[in-house]
Amino acid sequence: MNNFDGLLEKIAQCSMKKLAVAVAQDDAVIEAVRAAKDRKIADAILVGDADKIKEVAASINTDISDFEIVDVKDNTEAALTAVKLVHDGKADMYMKGLIDTKGFLKSVLDKEVGLRTGKPLSHVALFEIEGYEKMMFLTDVAFIPYPTLEDKVGIINNTVEVAHACGIECPKVAPVAAVEVVNPKMPATVEAAELAKMNDEGKITGCIVDGPLSMDLAIDPEAARHKGATNRKIVGDADVIVFPDIHAGNLVYKTLVHTANVKNGCILTGTKAPVILTSRSDSFETKVNSIALAAIVAEELSK
């Protein structure tokens, strides 16, 4: 699967999933869930202040008469009500509406009705980039600030599950650094090599891990040839880019979004069900693509 059109074709072969939205009185979210339903990606349950939800929908001329609305005025209670729908199997995915990220994540991690699994949570962004022959997963660009080696193992495992759900049987995972050789003074290179070793030893499975790699060696076959690195497991054809920290990941993410011809979607993983944690600054298409990515992962989890 090389683009989001392929992702949507895959979704068309699945049963329609259901999305629970926390504090749904948000114009951008209502617009996105309307489009997702019209495109047969997912239905939605809108949880929040029912009067405000209807008012916002009317203000953007969006018909929501075919959505279930659960009236909960308080934002904290609305989030707990919405996440409980997913926890109890009445919805397949969980999405942030007009609630701050801290409050939303508190509901995700709630011990009684949340979506904890014991795994570390991590963020995965999927990109369709003009000029790159395959879709690219970037992680973690938004959740874990300074991942430890153990965190990076969790990040890889979470992302590989998403890649498998998207039809990539053995994704090529590149832990990147500024250079492609181990330098004891650069911890990112040491940890990248350790991740590759763990993959060789069968401690990280379902993928190929090769690191450390510089970004050019990870994504540009010509650069790999030019540098004489064609003997690496990844020769400019990575599926997954694992960043050393949130700064590197977020800078690449935002550079792509604001300068390149791309489509993207993002989800939070490591949870019992996919969590859609988009920003208000994310485009309409990014929100719809994020719902689509969550639906694919939810389908795989249902198996």
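This is a short tour of the structure above, one selection at a time.

The model is predicted, so keep in mind that local features need pLDDT of at least 70, side-chain atom pairs count only at pLDDT 80 or more, and totals for chains, interfaces and linings use all residues. Residues are numbered from 1 along each chain as its sequence is written, and side-chain values use heavy atoms, with hydrogens and water left out.

**Stop 1: helix α2**

Select residues 27-38, which form helix α2. Helices here are DSSP runs of H or I with at least four residues, strands are runs of E with at least two, and both are numbered from the N terminus. The 12 residues of α2 should span 16 Å at 1.5 Å a residue, and its end C-alpha atoms are 17 Å apart, which agrees. The expected span is 1.5 Å times one less than the number of residues.

Is α2 mostly covered or mostly open? It is mostly covered, with 9 of its 12 residues buried. Buried means under 20% relative accessible area, exposed means over 50%, and partly exposed lies in between (1.4 Å probe, protein chains only). Among the buried residues of α2 are Ala28, Val29, Ile30 and Arg34. Now show β1 (17-22), β2, α3, β4 (93-96) and α11 (284-302): the buried residues of α2 pack against these.

Look at both ends of the helix. At the start of α2, a side-chain oxygen of Asp26 comes within 2.9 Å of the backbone nitrogen of Ala28. After α2 comes Lys40, with a positive phi near 60°.

**Stop 2: strands β2 and β3**

Next, colour strand β2 (residues 42-48) and strand β3 (residues 68-71), which run parallel and are joined by 4 bridges. Strands pair if DSSP finds at least two bridges between them. Pick out Val47, which stands opposite Val70 in β3. Follow the chain from β2 through helix α3 (residues 50-59) to β3, and you trace a right-handed β-α-β crossover. Right-handed means that, with the strands pointing away from the viewer, the path from the first strand over the helix to the second runs clockwise.

**Stop 3: strands β5 and β10**

Move on to strand β5 (residues 122-129), which pairs with β10 in the antiparallel sense over 8 bridges. Val124 stands opposite Ile267 in β10. Strand β10 itself (residues 262-269) is mostly covered, as 7 of its 8 residues are buried.

While you are in β5, select His123, which has its place in this strand. His123 is buried, with a relative accessible area of 5%. Leaving aside neighbours within four places in sequence, its contacts (heavy atoms within 4.5 Å) include Leu138, Asp140, Phe143, Cys266 and Leu268.

**Stop 4: aromatic pairs**

How many aromatic pairs does the structure hold? There are 2. Rings of Phe, Tyr and Trp (its six-membered ring) pair if their centres lie within 6.5 Å; planes under 30 degrees apart count as stacked, over 60 as edge-to-face and the rest as tilted.

Show Tyr94 and Phe104: their ring centres are 4.6 Å apart and their planes at 20°, so this pair is stacked. Tyr94 lies in strand β4 and Phe104 in helix α5 (residues 101-108), so the pair ties together parts that are 10 residues apart in sequence. Both Tyr94 and Phe104 are buried.

Then show Phe127 and Tyr253, an edge-to-face pair with 5.4 Å centre to centre and 80° between the planes. Phe127 is in strand β5 and Tyr253 in helix α10 (residues 246-259), so this pair links parts that are 126 residues apart in sequence. Phe127 is buried at 0% relative accessible area, and Tyr253 counts as buried at 9%.

**Stop 5**

Select Lys17 in strand β1. Buried or exposed? Lys17 is buried, with a relative accessible area of 5%. Its side chain makes a polar contact with the side chain of Ser15 (3.0 Å). A polar contact is a pair of N or O atoms within 3.5 Å; within protein, one must be able to donate a hydrogen and the other to accept it, and residues adjacent in sequence count only if both atoms are side-chain atoms.

Finish at Ser302 in helix α11, which is exposed with a relative accessible area of 54%. The side chain of Ser302 reaches the backbone oxygen of Glu299 at 2.6 Å.
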